[in-house]
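Student: I would like to go through the salt bridges in this model. Can we take them one at a time?

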Amino acid sequence: MTQPPAITAQMLIRKPVAEVFQAFTDPAVTTKFWFTKSSGRLESGATVTWDWEMYGVSTVVTVKDVQENSRILAEWDPDCPTQLEWRFLAGEGDTTLVRITETGFTGTADQAVTKAIDSMGGFTMVLCACKALLEQGVLLNAVADAHPTGFDD
């Protein structure tokens with residue numbers, strides 16, 4: 001590998017940019033489609049903890065910058081930090097393209113690629129779950145159901 005992998009996942013959501021942006025910054029909404037618990041909103045300078053109680057895991061998110069209805073820049077997983085950028089692009093007819101980019105994967109080439117692939121799949125699932133919630137009012141439980149117990153190889 002000549003450079004570490006970077007991933008981008010994106011999804012068009014048929015809702016106004018302010019509503020979609022709030023879905024990712026306000027844990028009262030985000031907990032319906034991604035993590036189960038948060039210590040606070042995503043705001044510039046904030047450090048929050050996100051929990052996935054069904055898996056017994058959590059991570060710390062350090063928010064570097066928030067540009068209202070436009071961009072969130074953060075770092076997560078202090079043990080093996082990567083950088084996250086959410087872009088919210090307003091489209092025609094009250095649509096929003098959400099583009100999530102993650103960079104900074106470390107480890108051996110195999111480890112970095114494995115982490116990147118896992119992350120891209122996770123963010124794609126999160127975007128689909130957010131789309132279902134905001135557009136149709138449907139709770140997919142996609143993140144909670146991604147690794148059910150009793151199906152070990």
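Student: Which side chain does Glu 43 meet in a salt bridge?

Tutor: This is a predicted model, in which local features need pLDDT of at least 70, side-chain atom pairs count only at pLDDT 80 or more, and totals for chains, interfaces and linings use all residues. Residues are numbered from 1 along each chain as its sequence is written, and side-chain values use heavy atoms, with hydrogens and water left out. A salt bridge here is a side-chain nitrogen of Lys or Arg within 4 Å of a carboxyl oxygen of Asp or Glu. Glu 43 meets that rule at 3.9 Å, N to O, and its partner is Arg 41.

Student: Which residues are linked with Arg 41 in a network of salt bridges?

Tutor: Arg 41 already pairs with Glu 43. The network also takes in an Asp. The residues linked with Arg 41 are Glu 43 and Asp 26.

Student: Is Glu 43 buried or exposed, or partly exposed?

Tutor: Buried means under 20% relative accessible area, exposed over 50%, and partly exposed in between, with a 1.4 Å probe and protein chains only. Glu 43 has 44%. Therefore Glu 43 is partly exposed.

Student: Which strands does the salt bridge of Arg 71 and Glu 85 tie together?

Tutor: The closest N and O atoms of Arg 71 and Glu 85 are 2.6 Å apart. Strands (E, at least two residues) and helices (H or I, at least four) are DSSP runs, numbered from the N terminus. Arg 71 lies in residues 71–76 and Glu 85 in residues 82–91, so the pair ties together parts 14 residues apart in sequence: strands E5 and E6.

Student: Where do Glu 135 and Lys 131 lie?

Tutor: Glu 135 and Lys 131 form a salt bridge, with the closest N and O atoms 2.8 Å apart. They are four residues apart, about one turn of the helix. Both lie in helix H3, residues 109–136.

Student: Which backbone oxygen does the side chain of Thr 95 reach?

Tutor: Thr 95 is in strand E7, residues 95–103. Thr 95 is buried at 13% relative accessibility. Its side chain reaches 2.9 Å from the backbone oxygen of Glu 92.

Student: How many salt bridges does the count come to?

Tutor: The pairs include Arg 71 with Glu 85. Another is Glu 135 with Lys 131. The count comes to five.

Methods. A polar contact is a pair of N or O atoms within 3.5 Å; within protein, one must be able to donate a hydrogen and the other to accept it, and residues adjacent in sequence count only if both atoms are side-chain atoms.
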